Amino acid sequence: MGRRRSKRKVIKKRRPVLSTIFSCPFCNSEQSVHVKLDMDRELGSVACRTCGEQYQTKINYLSLPVDVYHSWIDAAVEENKAVEKTGDDGPLEYPDEYGDDDAAASDDGDGR
């Protein structure tokens, strides 16, 4: 008769934890962007504490915080490409109908 075999120790592998705090691409501040996942509403939100930039996108049960952050980066890149393509620098500024039009009224071309 022999001795009983001892049981092997179970070695548990630690899963790497993905971060929910990132760097802001707009203000370049480190560790200022927080990602929140609301699985009930299927909504992922990203917000920078420093500059106040925000982004929201639809998520599914497979989505992780890093996915929401990178979709924000992709949306910003696409928006920048669209601005460069159209040459649009932002919202149009129309002259104020009731504001200071004295400069335009005084320059009527008679040289005074």
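This is a predicted model: local features need pLDDT of at least 70, side-chain atom pairs count only at pLDDT 80 or more; totals for chains, interfaces and linings use all residues.
Visitor: What should I know about the model before I start?

Guide: Residues are numbered from 1 along each chain as its sequence is written.

Visitor: Which order do the strands of the open sheet have?

Guide: In general, strands of a sheet pair through backbone hydrogen bonds, either parallel or antiparallel. Strands (E, at least two residues) and helices (H or I, at least four) are DSSP runs numbered from the N terminus, and two strands pair if DSSP finds at least two bridges between them. Here four strands form an open sheet in the order β1-β2-β3-β4, with antiparallel pairing. At the edges, β1 (21–22) and β4 (54–58) each pair on one side only.

Visitor: How many bridges join β2 to β3?

Guide: Six bridges link β2 (residues 33–38) with β3 (residues 43–48), and these strands run antiparallel.

Visitor: Which residues make up the largest nonpolar core?

Guide: A nonpolar core is a set of buried Ala, Val, Leu, Ile, Met, Phe, Trp, Tyr and Cys residues joined through side-chain atoms within 4.5 Å. Buried means under 20% relative accessible area, exposed over 50%, and partly exposed in between (1.4 Å probe, protein chains only). The largest core has 10 residues: Phe-22, Cys-24, Val-33, Val-35, Val-46, Cys-48, Ile-59, Val-68, Tyr-69 and Trp-72. Two or more of them come from each of β2, β3 and α1 (65–86), and α1 gives the largest share, three residues. Beyond four places in sequence, Phe-22 has contacts (heavy atoms within 4.5 Å) that include Val-33, Val-35 and Tyr-69.

Visitor: Is Ser-29 buried or exposed?

Guide: Ser-29 counts as buried because its relative accessibility is 17%. This residue lies in the loop between β1 and β2. Its side chain makes a polar contact with the side chain of Ser-32 at 2.7 Å; such a contact is a pair of N or O atoms within 3.5 Å, and within protein one must be able to donate a hydrogen and the other to accept it, with residues adjacent in sequence counting only if both atoms are side-chain atoms.

Visitor: Which residue forms a salt bridge with Asp-38?

Guide: A salt bridge is a side-chain nitrogen of Lys or Arg within 4 Å of a carboxyl oxygen of Asp or Glu. By this rule the count is one. Arg-41 is the partner of Asp-38, with the closest N and O atoms 3.6 Å apart. Arg-41 is exposed, at 66% relative accessible area, whereas Asp-38 is partly exposed, at 26%.

Note on methods. Side-chain values use heavy atoms; hydrogens and water are left out.
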